[in-house]
Amino acid sequence: MKVDVLLGLQWGDEGKGKVVDVLTPRYDVVARFQGGPNAGHTLEFEGHKYVLRSIPSGIFQHGQVNIIGNGVVLDPVLFREEAESLERSGIDLRSMLKISKKVHLILPTHRLLDAANERAKGGAKIGTTGKGIGPTYTDKISRNGLRLGDTLHNFREKYAAARNRHLVLLHAMGEDPDLTELEQRWLDAVEYIHTFDIIDSEHYINRALRDGKSVLCEGAQGTMLDIDFGSYPFVTSSNTITAGACSGLGVAPNKIGEVYGIFKAYCTRVGSGPFPTELFDETGKAIRDKGHEYGAVTGRERRCGWIDLVALRYAIMINGVSQLIMMKSDVLDDFDSIKACVAYKVEGETVTDFPYSIDEGSIEPIYVELPGWKTDMTAMKSTDEFPKEFIDYITFLERELMTPITIVSIGPDREQTIFRNSPLLKQ
Ligand code: GDP
Ligand code: IMO
Ligand code: MG
(Lines give C-alpha, C1' and ligand atoms only; values in the text may rest on other atoms or scores of the structure.)
(Ligands and ions follow the chains in the order given, each with its own letter.)
Protein backbone atom coordinates (compact mmCIF):
# COMPACT_ATOMS: atom_id res chain seq x y z
CA MET A 1 0.00 0.00 0.00
CA LYS A 2 1.04 3.59 -0.55
CA VAL A 3 0.96 6.60 1.69
CA ASP A 4 -0.97 9.63 0.44
CA VAL A 5 0.07 13.09 1.55
CA LEU A 6 -2.07 16.20 1.93
CA LEU A 7 -0.25 19.48 2.36
CA GLY A 8 -0.59 23.23 1.94
CA LEU A 9 0.88 24.92 -1.13
CA GLN A 10 0.76 28.53 0.07
CA TRP A 11 1.55 30.22 3.41
CA GLY A 12 -0.61 27.92 5.53
CA ASP A 13 -4.29 28.02 6.52
CA GLU A 14 -5.37 26.69 3.14
CA GLY A 15 -8.04 24.48 4.77
CA LYS A 16 -6.03 21.30 5.39
CA GLY A 17 -8.01 20.34 8.49
CA LYS A 18 -11.33 20.46 6.65
CA VAL A 19 -10.15 18.30 3.76
CA VAL A 20 -8.31 15.74 5.90
CA ASP A 21 -11.59 15.25 7.75
CA VAL A 22 -13.47 14.85 4.46
CA LEU A 23 -10.96 12.31 3.08
CA THR A 24 -10.50 10.36 6.33
CA PRO A 25 -13.22 7.74 5.62
CA ARG A 26 -11.03 6.47 2.74
CA TYR A 27 -8.11 5.70 5.08
CA ASP A 28 -7.19 3.44 8.01
CA VAL A 29 -4.54 5.74 9.49
CA VAL A 30 -4.16 9.54 9.58
CA ALA A 31 -0.78 10.93 10.66
CA ARG A 32 0.67 14.38 11.30
CA PHE A 33 4.32 14.55 10.22
CA GLN A 34 5.70 17.97 11.22
CA GLY A 35 5.00 21.29 12.88
CA GLY A 36 3.39 21.64 16.26
CA PRO A 37 0.84 23.86 17.96
CA ASN A 38 1.73 26.68 15.56
CA ALA A 39 -0.85 24.91 13.37
CA GLY A 40 -4.55 25.62 13.72
CA HIS A 41 -6.68 23.26 11.64
CA THR A 42 -10.37 24.09 11.60
CA LEU A 43 -13.17 21.59 11.01
CA GLU A 44 -16.88 22.32 10.82
CA PHE A 45 -19.69 19.78 10.71
CA GLU A 46 -23.17 19.28 12.17
CA GLY A 47 -23.14 22.82 13.56
CA HIS A 48 -19.90 22.31 15.54
CA LYS A 49 -16.54 23.93 14.96
CA TYR A 50 -13.23 22.50 16.21
CA VAL A 51 -9.69 23.86 15.95
CA LEU A 52 -6.93 21.26 16.19
CA ARG A 53 -3.31 22.17 16.86
CA SER A 54 -1.29 19.00 17.41
CA ILE A 55 -3.87 16.25 17.05
CA PRO A 56 -4.51 14.97 13.51
CA SER A 57 -7.76 15.94 11.78
CA GLY A 58 -8.88 12.31 11.35
CA ILE A 59 -10.34 11.97 14.85
CA PHE A 60 -13.91 12.93 14.02
CA GLN A 61 -14.67 10.10 11.63
CA HIS A 62 -14.91 6.48 12.76
CA GLY A 63 -12.39 3.76 13.34
CA GLN A 64 -9.19 5.39 12.08
CA VAL A 65 -5.96 5.36 14.01
CA ASN A 66 -4.49 8.88 14.33
CA ILE A 67 -0.77 9.28 14.83
CA ILE A 68 1.37 12.20 15.95
CA GLY A 69 4.57 11.37 14.07
CA ASN A 70 8.21 11.79 15.05
CA GLY A 71 8.60 14.96 12.96
CA VAL A 72 6.12 16.85 15.17
CA VAL A 73 7.11 19.03 18.13
CA LEU A 74 4.68 18.67 21.00
CA ASP A 75 3.88 21.06 23.83
CA PRO A 76 2.58 18.85 26.67
CA VAL A 77 0.55 21.68 28.21
CA LEU A 78 -1.18 22.63 24.96
CA PHE A 79 -1.64 18.98 24.05
CA ARG A 80 -3.36 18.38 27.37
CA GLU A 81 -5.68 21.36 26.85
CA GLU A 82 -6.56 20.16 23.36
CA ALA A 83 -7.07 16.52 24.37
CA GLU A 84 -9.16 17.34 27.45
CA SER A 85 -11.36 19.67 25.46
CA LEU A 86 -11.96 16.95 22.83
CA GLU A 87 -12.71 14.38 25.52
CA ARG A 88 -15.21 16.79 27.06
CA SER A 89 -16.94 16.92 23.66
CA GLY A 90 -17.33 13.16 23.81
CA ILE A 91 -14.45 12.14 21.52
CA ASP A 92 -12.91 8.84 22.60
CA LEU A 93 -9.41 10.09 21.91
CA ARG A 94 -7.52 7.40 23.82
CA SER A 95 -8.85 4.62 21.61
CA MET A 96 -7.73 6.45 18.46
CA LEU A 97 -4.58 8.41 19.16
CA LYS A 98 -0.98 7.18 19.19
CA ILE A 99 2.06 9.36 19.74
CA SER A 100 5.59 8.71 18.51
CA LYS A 101 8.28 8.22 21.15
CA LYS A 102 10.48 10.38 18.96
CA VAL A 103 8.42 13.60 19.01
CA HIS A 104 10.48 16.44 20.45
CA LEU A 105 8.97 18.26 23.39
CA ILE A 106 8.42 21.99 23.58
CA LEU A 107 9.55 23.21 27.02
CA PRO A 108 8.24 26.36 28.72
CA THR A 109 11.69 27.87 28.17
CA HIS A 110 11.40 27.19 24.41
CA ARG A 111 8.38 29.47 24.33
CA LEU A 112 10.23 32.11 26.33
CA LEU A 113 13.19 31.84 23.95
CA ASP A 114 10.85 32.21 20.96
CA ALA A 115 9.50 35.47 22.43
CA ALA A 116 12.99 36.72 23.39
CA ASN A 117 14.36 35.96 19.90
CA GLU A 118 11.50 37.88 18.33
CA ARG A 119 12.04 40.85 20.64
CA ALA A 120 15.74 40.85 19.81
CA LYS A 121 14.97 40.95 16.08
CA GLY A 122 12.88 44.11 16.53
CA GLY A 123 11.54 45.31 13.17
CA ALA A 124 12.97 42.25 11.42
CA LYS A 125 10.91 39.84 13.53
CA ILE A 126 9.41 36.78 11.84
CA GLY A 127 6.01 37.20 13.48
CA THR A 128 6.05 33.65 14.83
CA THR A 129 3.07 32.11 16.57
CA GLY A 130 5.05 32.31 19.83
CA LYS A 131 4.68 28.59 20.49
CA GLY A 132 8.41 27.84 20.82
CA ILE A 133 8.65 26.11 17.43
CA GLY A 134 11.98 27.59 16.28
CA PRO A 135 13.88 26.98 19.55
CA THR A 136 12.54 23.40 19.83
CA TYR A 137 13.62 22.46 16.30
CA THR A 138 16.92 24.25 16.94
CA ASP A 139 17.53 21.96 19.93
CA LYS A 140 16.55 18.95 17.83
CA ILE A 141 19.06 19.79 15.09
CA SER A 142 21.80 20.76 17.56
CA ARG A 143 21.23 17.41 19.32
CA ASN A 144 20.06 18.95 22.56
CA GLY A 145 16.38 18.08 22.30
CA LEU A 146 14.20 16.22 24.76
CA ARG A 147 12.07 13.51 23.16
CA LEU A 148 8.87 12.04 24.54
CA GLY A 149 10.56 8.64 24.81
CA ASP A 150 13.27 10.22 26.98
CA THR A 151 10.64 11.19 29.53
CA LEU A 152 9.61 7.61 30.21
CA HIS A 153 12.51 7.34 32.72
CA ASN A 154 14.04 9.98 35.02
CA PHE A 155 12.62 12.78 32.98
CA ARG A 156 12.80 15.39 35.74
CA GLU A 157 16.60 15.37 35.62
CA LYS A 158 16.65 15.48 31.83
CA TYR A 159 14.18 18.32 31.92
CA ALA A 160 16.22 20.27 34.48
CA ALA A 161 19.37 19.99 32.36
CA ALA A 162 17.58 21.36 29.28
CA ARG A 163 15.92 24.12 31.29
CA ASN A 164 19.24 25.21 32.80
CA ARG A 165 20.81 25.44 29.37
CA HIS A 166 17.92 27.62 28.21
CA LEU A 167 18.16 29.82 31.27
CA VAL A 168 21.77 30.65 30.43
CA LEU A 169 20.58 31.84 27.00
CA LEU A 170 17.65 33.77 28.45
CA HIS A 171 19.85 35.48 31.05
CA ALA A 172 22.27 36.48 28.29
CA MET A 173 19.33 38.10 26.51
CA GLY A 174 18.44 40.06 29.64
CA GLU A 175 15.48 37.86 30.66
CA ASP A 176 15.00 36.48 34.15
CA PRO A 177 11.76 34.49 34.09
CA ASP A 178 10.01 32.95 37.06
CA LEU A 179 9.37 29.39 35.95
CA THR A 180 7.78 27.88 39.06
CA GLU A 181 4.19 27.74 37.85
CA LEU A 182 4.95 27.09 34.16
CA GLU A 183 7.25 24.25 35.12
CA GLN A 184 4.77 22.49 37.40
CA ARG A 185 2.06 22.58 34.75
CA TRP A 186 4.52 21.26 32.18
CA LEU A 187 5.70 18.38 34.39
CA ASP A 188 2.10 17.43 35.21
CA ALA A 189 1.23 17.53 31.52
CA VAL A 190 4.08 15.15 30.67
CA GLU A 191 2.64 12.68 33.20
CA TYR A 192 -0.71 13.18 31.47
CA ILE A 193 0.75 12.31 28.04
CA HIS A 194 2.10 9.09 29.56
CA THR A 195 -1.51 7.91 29.86
CA PHE A 196 -1.71 7.82 26.02
CA ASP A 197 -0.38 5.12 23.72
CA ILE A 198 3.26 6.10 23.07
CA ILE A 199 4.69 4.02 20.24
CA ASP A 200 7.51 3.49 17.75
CA SER A 201 5.38 5.07 15.05
CA GLU A 202 7.75 4.31 12.17
CA HIS A 203 7.34 0.58 12.86
CA TYR A 204 3.61 0.94 13.35
CA ILE A 205 3.08 2.75 10.05
CA ASN A 206 5.28 0.45 7.98
CA ARG A 207 3.61 -2.60 9.51
CA ALA A 208 0.22 -1.09 8.70
CA LEU A 209 1.32 -0.63 5.07
CA ARG A 210 2.53 -4.23 4.87
CA ASP A 211 -0.86 -5.34 6.22
CA GLY A 212 -2.60 -3.52 3.36
CA LYS A 213 -3.74 -0.52 5.39
CA SER A 214 -4.00 2.93 3.82
CA VAL A 215 -2.37 6.00 5.35
CA LEU A 216 -3.06 9.72 4.89
CA CYS A 217 -0.36 12.12 6.05
CA GLU A 218 -1.54 15.55 7.16
CA GLY A 219 0.83 18.46 6.66
CA ALA A 220 0.90 21.60 8.73
CA GLN A 221 1.82 25.12 7.55
CA GLY A 222 2.47 25.39 3.80
CA THR A 223 5.20 25.07 1.18
CA MET A 224 6.00 28.79 1.20
CA LEU A 225 6.78 28.41 4.93
CA ASP A 226 9.10 25.42 4.35
CA ILE A 227 12.51 25.82 6.01
CA ASP A 228 14.37 25.02 2.74
CA PHE A 229 12.08 26.26 -0.03
CA GLY A 230 9.90 28.91 1.63
CA SER A 231 10.50 32.65 1.82
CA TYR A 232 13.49 32.25 4.17
CA PRO A 233 13.99 33.51 6.86
CA PHE A 234 10.26 34.26 7.13
CA VAL A 235 9.37 30.59 7.38
CA THR A 236 8.70 27.97 10.01
CA SER A 237 11.42 25.61 11.25
CA SER A 238 10.35 22.33 9.64
CA ASN A 239 10.06 20.71 6.22
CA THR A 240 6.43 21.24 5.32
CA ILE A 241 6.85 19.53 1.93
CA THR A 242 6.26 15.92 0.83
CA ALA A 243 9.81 14.99 1.81
CA GLY A 244 8.85 16.03 5.36
CA ALA A 245 6.31 13.19 5.42
CA CYS A 246 9.15 10.72 4.76
CA SER A 247 11.40 12.05 7.52
CA GLY A 248 8.55 12.94 9.85
CA LEU A 249 7.00 9.47 9.83
CA GLY A 250 9.71 7.11 8.66
CA VAL A 251 8.11 6.21 5.33
CA ALA A 252 10.36 5.68 2.34
CA PRO A 253 9.98 7.97 -0.71
CA ASN A 254 8.91 5.03 -2.91
CA LYS A 255 5.92 4.52 -0.60
CA ILE A 256 4.42 7.91 -1.44
CA GLY A 257 1.25 7.62 -3.54
CA GLU A 258 -1.04 10.57 -4.22
CA VAL A 259 0.10 14.01 -3.18
CA TYR A 260 -2.87 16.31 -2.59
CA GLY A 261 -1.83 19.94 -2.81
CA ILE A 262 -4.29 22.33 -1.27
CA PHE A 263 -4.62 26.04 -2.08
CA LYS A 264 -7.06 28.90 -1.64
CA ALA A 265 -8.64 30.49 -4.72
CA TYR A 266 -6.71 33.57 -3.55
CA CYS A 267 -3.78 33.86 -1.17
CA THR A 268 -3.15 34.75 2.48
CA ARG A 269 -0.21 35.03 4.85
CA VAL A 270 0.13 35.71 8.61
CA GLY A 271 3.27 37.11 10.17
CA SER A 272 6.06 39.00 8.42
CA GLY A 273 7.77 38.35 5.12
CA PRO A 274 7.37 39.00 1.42
CA PHE A 275 4.04 38.45 -0.34
CA PRO A 276 4.20 39.64 -3.97
CA THR A 277 0.44 39.62 -4.66
CA GLU A 278 -0.62 41.19 -1.37
CA LEU A 279 -3.49 43.70 -1.66
CA PHE A 280 -3.46 46.76 0.57
CA ASP A 281 -6.71 48.16 -0.84
CA GLU A 282 -10.45 47.62 -0.48
CA THR A 283 -10.24 44.34 -2.43
CA GLY A 284 -7.80 42.92 0.13
CA LYS A 285 -10.13 44.02 2.90
CA ALA A 286 -13.14 42.50 1.12
CA ILE A 287 -11.35 39.14 0.87
CA ARG A 288 -10.41 39.29 4.57
CA ASP A 289 -13.97 40.13 5.64
CA LYS A 290 -15.71 37.59 3.41
CA GLY A 291 -13.15 34.87 4.09
CA HIS A 292 -12.94 35.59 7.86
CA GLU A 293 -9.20 35.73 7.42
CA TYR A 294 -8.08 35.85 11.03
CA GLY A 295 -5.62 33.32 12.47
CA ALA A 296 -7.11 30.21 14.10
CA VAL A 297 -4.25 30.15 16.67
CA THR A 298 -3.32 33.77 17.27
CA GLY A 299 -6.42 35.63 16.05
CA ARG A 300 -4.10 37.85 14.01
CA GLU A 301 -5.37 39.46 10.79
CA ARG A 302 -4.26 37.46 7.79
CA ARG A 303 -2.77 39.46 4.94
CA CYS A 304 -4.76 38.85 1.73
CA GLY A 305 -3.98 38.98 -1.98
CA TRP A 306 -4.60 37.41 -5.38
CA ILE A 307 -3.60 33.86 -6.23
CA ASP A 308 0.08 33.52 -7.14
CA LEU A 309 0.59 30.92 -9.86
CA VAL A 310 4.37 31.41 -9.97
CA ALA A 311 4.59 30.31 -6.33
CA LEU A 312 1.98 27.57 -6.85
CA ARG A 313 3.84 26.05 -9.82
CA TYR A 314 6.96 25.98 -7.66
CA ALA A 315 5.10 24.32 -4.78
CA ILE A 316 3.61 21.72 -7.14
CA MET A 317 7.09 20.94 -8.45
CA ILE A 318 8.77 20.65 -5.04
CA ASN A 319 6.01 18.41 -3.66
CA GLY A 320 5.25 16.28 -6.72
CA VAL A 321 1.57 17.23 -6.39
CA SER A 322 -0.66 14.81 -8.30
CA GLN A 323 -4.05 16.35 -7.42
CA LEU A 324 -5.04 19.88 -6.51
CA ILE A 325 -7.73 20.91 -4.06
CA MET A 326 -9.13 24.43 -4.36
CA MET A 327 -10.53 26.00 -1.20
CA LYS A 328 -12.66 29.02 -0.35
CA SER A 329 -13.76 29.81 -3.90
CA ASP A 330 -17.04 30.99 -2.32
CA VAL A 331 -15.14 33.96 -0.89
CA LEU A 332 -14.84 35.28 -4.48
CA ASP A 333 -18.54 34.69 -5.30
CA ASP A 334 -19.37 38.45 -5.41
CA PHE A 335 -16.36 39.71 -7.32
CA ASP A 336 -16.84 41.34 -10.77
CA SER A 337 -13.45 40.08 -11.85
CA ILE A 338 -10.65 37.99 -10.41
CA LYS A 339 -6.95 38.35 -10.95
CA ALA A 340 -4.29 35.65 -11.08
CA CYS A 341 -0.57 36.35 -11.06
CA VAL A 342 0.99 34.35 -13.92
CA ALA A 343 4.53 35.78 -13.85
CA TYR A 344 6.72 38.28 -11.98
CA LYS A 345 8.52 41.27 -13.39
CA VAL A 346 11.91 41.24 -11.68
CA GLU A 347 14.08 44.26 -12.48
CA GLY A 348 12.33 44.71 -15.82
CA GLU A 349 12.51 41.05 -16.81
CA THR A 350 9.53 38.66 -16.95
CA VAL A 351 10.12 35.62 -14.78
CA THR A 352 7.96 32.50 -14.49
CA ASP A 353 10.34 30.34 -12.41
CA PHE A 354 10.01 31.17 -8.72
CA PRO A 355 13.10 33.24 -7.93
CA TYR A 356 15.67 32.94 -5.10
CA SER A 357 14.26 35.99 -3.36
CA ILE A 358 10.81 37.54 -3.53
CA ASP A 359 11.58 40.60 -1.47
CA GLU A 360 9.02 43.33 -1.94
CA GLY A 361 10.07 46.28 -4.08
CA SER A 362 11.98 44.31 -6.68
CA ILE A 363 9.02 42.10 -7.67
CA GLU A 364 5.99 43.18 -9.61
CA PRO A 365 3.23 40.63 -10.26
CA ILE A 366 1.94 40.28 -13.80
CA TYR A 367 -1.77 39.54 -13.70
CA VAL A 368 -4.35 37.95 -15.95
CA GLU A 369 -7.88 39.19 -15.20
CA LEU A 370 -10.81 36.82 -15.48
CA PRO A 371 -14.56 37.55 -15.20
CA GLY A 372 -16.14 36.73 -11.82
CA TRP A 373 -19.06 34.27 -11.62
CA LYS A 374 -21.24 36.51 -9.41
CA THR A 375 -23.21 33.53 -8.10
CA ASP A 376 -23.67 32.21 -4.58
CA MET A 377 -22.14 28.76 -4.86
CA THR A 378 -22.28 27.77 -1.18
CA ALA A 379 -25.34 25.47 -1.49
CA MET A 380 -24.22 23.68 -4.65
CA LYS A 381 -23.95 19.91 -4.57
CA SER A 382 -22.33 18.99 -7.87
CA THR A 383 -20.12 20.34 -10.63
CA ASP A 384 -23.19 20.41 -12.93
CA GLU A 385 -24.37 23.49 -11.04
CA PHE A 386 -21.10 25.43 -11.52
CA PRO A 387 -21.52 28.73 -13.41
CA LYS A 388 -19.66 29.02 -16.73
CA GLU A 389 -17.24 31.68 -15.45
CA PHE A 390 -16.26 29.42 -12.54
CA ILE A 391 -15.63 26.48 -14.87
CA ASP A 392 -13.51 28.82 -17.00
CA TYR A 393 -11.54 29.85 -13.88
CA ILE A 394 -10.83 26.21 -12.99
CA THR A 395 -9.89 25.36 -16.57
CA PHE A 396 -7.55 28.35 -16.65
CA LEU A 397 -5.88 27.27 -13.38
CA GLU A 398 -5.49 23.67 -14.53
CA ARG A 399 -3.90 24.83 -17.78
CA GLU A 400 -1.49 27.14 -15.94
CA LEU A 401 -0.64 24.58 -13.26
CA MET A 402 -0.79 21.47 -15.46
CA THR A 403 -2.31 19.50 -12.58
CA PRO A 404 -5.91 18.28 -12.12
CA ILE A 405 -8.17 20.06 -9.64
CA THR A 406 -10.19 17.20 -8.16
CA ILE A 407 -11.87 18.78 -5.13
CA VAL A 408 -13.47 22.20 -4.83
CA SER A 409 -14.50 23.58 -1.43
CA ILE A 410 -17.37 26.09 -1.39
CA GLY A 411 -17.75 26.72 2.34
CA PRO A 412 -16.27 25.74 5.72
CA ASP A 413 -18.65 22.84 6.39
CA ARG A 414 -17.72 19.22 5.69
CA GLU A 415 -20.74 19.03 3.37
CA GLN A 416 -19.63 22.01 1.27
CA THR A 417 -17.15 19.92 -0.70
CA ILE A 418 -17.50 18.95 -4.34
CA PHE A 419 -15.50 16.16 -5.96
CA ARG A 420 -14.63 16.85 -9.56
CA ASN A 421 -13.74 14.52 -12.38
CA SER A 422 -10.99 16.58 -13.99
CA PRO A 423 -10.31 16.06 -17.71
CA LEU A 424 -6.59 16.07 -16.84
CA LEU A 425 -7.04 12.86 -14.81
CA LYS A 426 -7.78 10.91 -17.98
CA GLN A 427 -4.51 11.86 -19.66
P1 GDP B 1 -5.63 24.88 7.90
O2 GDP B 1 -4.66 25.42 8.89
O3 GDP B 1 -5.03 24.66 6.56
O4 GDP B 1 -6.37 23.67 8.38
O5 GDP B 1 -6.73 26.03 7.70
P6 GDP B 1 -7.38 26.95 8.86
O7 GDP B 1 -8.37 26.13 9.60
O8 GDP B 1 -6.35 27.65 9.64
O9 GDP B 1 -8.07 28.08 7.99
C10 GDP B 1 -9.04 27.79 7.05
C11 GDP B 1 -10.32 28.56 7.43
O12 GDP B 1 -11.20 28.60 6.34
C13 GDP B 1 -11.09 27.92 8.56
O14 GDP B 1 -11.74 28.91 9.28
C15 GDP B 1 -12.10 27.04 7.82
O16 GDP B 1 -13.27 26.79 8.58
C17 GDP B 1 -12.40 27.90 6.64
N18 GDP B 1 -12.72 27.19 5.38
C19 GDP B 1 -12.23 26.01 4.92
N20 GDP B 1 -12.70 25.77 3.68
C21 GDP B 1 -13.48 26.80 3.36
C22 GDP B 1 -14.24 27.15 2.19
O23 GDP B 1 -14.25 26.45 1.18
N24 GDP B 1 -14.93 28.33 2.24
C25 GDP B 1 -14.93 29.14 3.32
N26 GDP B 1 -15.62 30.27 3.26
N27 GDP B 1 -14.22 28.86 4.44
C28 GDP B 1 -13.51 27.71 4.44
P1 IMO C 1 -1.39 25.89 9.70
O2 IMO C 1 -0.99 24.46 9.87
C3 IMO C 1 -0.19 30.00 8.85
C4 IMO C 1 3.75 31.24 10.30
C5 IMO C 1 3.80 32.27 11.40
C6 IMO C 1 5.13 32.93 11.08
C7 IMO C 1 5.99 31.77 10.62
C8 IMO C 1 6.89 31.19 11.69
O9 IMO C 1 -2.58 26.29 10.50
O10 IMO C 1 -1.53 26.20 8.25
P11 IMO C 1 6.44 29.67 13.82
O12 IMO C 1 5.56 29.87 15.01
O13 IMO C 1 6.13 28.42 13.04
O14 IMO C 1 7.90 29.77 14.14
O15 IMO C 1 6.14 30.92 12.86
O16 IMO C 1 5.09 30.79 10.16
N17 IMO C 1 2.92 30.05 10.61
C18 IMO C 1 1.73 29.80 10.07
N19 IMO C 1 0.98 30.54 9.24
N20 IMO C 1 -0.61 28.77 9.22
C21 IMO C 1 0.14 28.01 10.03
O22 IMO C 1 -0.17 26.72 10.32
C23 IMO C 1 1.36 28.53 10.53
N24 IMO C 1 2.32 28.06 11.36
C25 IMO C 1 3.27 29.00 11.38
O26 IMO C 1 2.72 33.16 11.31
O27 IMO C 1 4.98 33.81 9.99
MG1 MG D 1 -4.40 27.07 10.17
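The largest pocket is lined by 38 residues, and those nearest its centre are Ile126, Thr128, Thr129, Val235 and Thr236. The model is predicted, so local features need pLDDT of at least 70 and side-chain atom pairs count only at pLDDT 80 or more, whereas totals for chains, interfaces and linings use all residues. Residues are numbered from 1 along each chain as its sequence is written, chains are lettered from A and ligands numbered from 1 in the order in which they are written, and side-chain values use heavy atoms, with hydrogens and water left out.

A pocket here is an open set of points on a 1 Å grid over the protein atoms alone, with protein on both sides within 12 Å along at least five of seven lines; a cavity is a set of points where a 1.4 Å probe fits but cannot get out, and lining residues have an atom within 4 Å of a point. Grid points are joined across faces, edges and corners, and a volume is the space filled by probe spheres set on the points. The largest pocket holds about 690 Å³ of space. Helix 4 (108-121) and helix 5 (133-141) are the elements that give two or more residues to its lining; helices (H or I, at least four residues) and strands (E, at least two) are DSSP runs numbered from the N terminus. Its lining divides into 14 nonpolar, 17 polar and seven charged residues, where Ala, Val, Leu, Ile, Met, Phe, Trp, Tyr, Cys and Pro count as nonpolar, Asp, Glu, Lys and Arg as charged, and the others, Gly among them, as polar.

Ligand 2 takes up the space of the largest pocket, in the sense that more than half of its atoms lie within 2 Å of the grid points. Around ligand 2 there are 21 residues, of which Asp13, Lys16, His41, Thr129 and Thr236 are the closest; a residue counts as near if one of its heavy atoms lies within 4 Å of the molecule. By class, this shell has eight nonpolar, 10 polar and three charged residues. Several polar contacts can be listed, a polar contact being a pair of N or O atoms within 3.5 Å; within protein, one must be able to donate a hydrogen and the other to accept it, and residues adjacent in sequence count only if both atoms are side-chain atoms. An N or O atom in the side chain of Lys16 is 2.7 Å from an oxygen atom of ligand 2. On its own, ligand 2 has 560 Å² of accessible area, and the protein covers 98% of that; accessible areas come from the Shrake-Rupley method with a 1.4 Å probe, and for residues only the protein chains shown count as cover.

The second largest pocket has a volume of about 590 Å³. Among the 28 residues that line it, Thr42, Glu44, Gly291, Lys328 and Pro412 are the closest to its centre. Helix 1, strand 3 and strand 4 (48-52) each supply at least two lining residues, and strand 3 has the largest share, with four. By class, the lining has seven nonpolar, 10 polar and 11 charged residues.

Ligand 1 sits in the second largest pocket. Helix 1 (16-23) and strand 3 (41-45) are the elements that give two or more residues to the shell around ligand 1. Of the 19 residues in that shell, Gly15, Lys16, Thr42, Asp330 and Ser409 come nearest, and the shell divides into four nonpolar, seven polar and eight charged residues. An oxygen atom of ligand 1 is 2.8 Å from a polar backbone atom of Gly40, and a backbone N or O atom of Glu14 lies 3.1 Å from an oxygen atom of ligand 1. From the side chain of Lys328, a polar atom lies 2.9 Å from an oxygen atom of ligand 1. The protein buries 93% of the 580 Å² that ligand 1 exposes when taken alone.

A search of the whole structure also finds one cavity of 30 Å³ or more. The largest cavity has a volume of about 40 Å³ and is lined by Leu9, Gln10, Trp11, Met224, Cys267, Asp308, Ala311 and Leu312.

Two backbone features remain. A cis peptide bond, with omega about 5 degrees, joins Tyr232 and Pro233; Pro233 is in the loop between strand 10 (215-222) and helix 9 (242-249). Arg143, in the loop between helix 5 and helix 6 (155-172), has a positive phi near 65 degrees.
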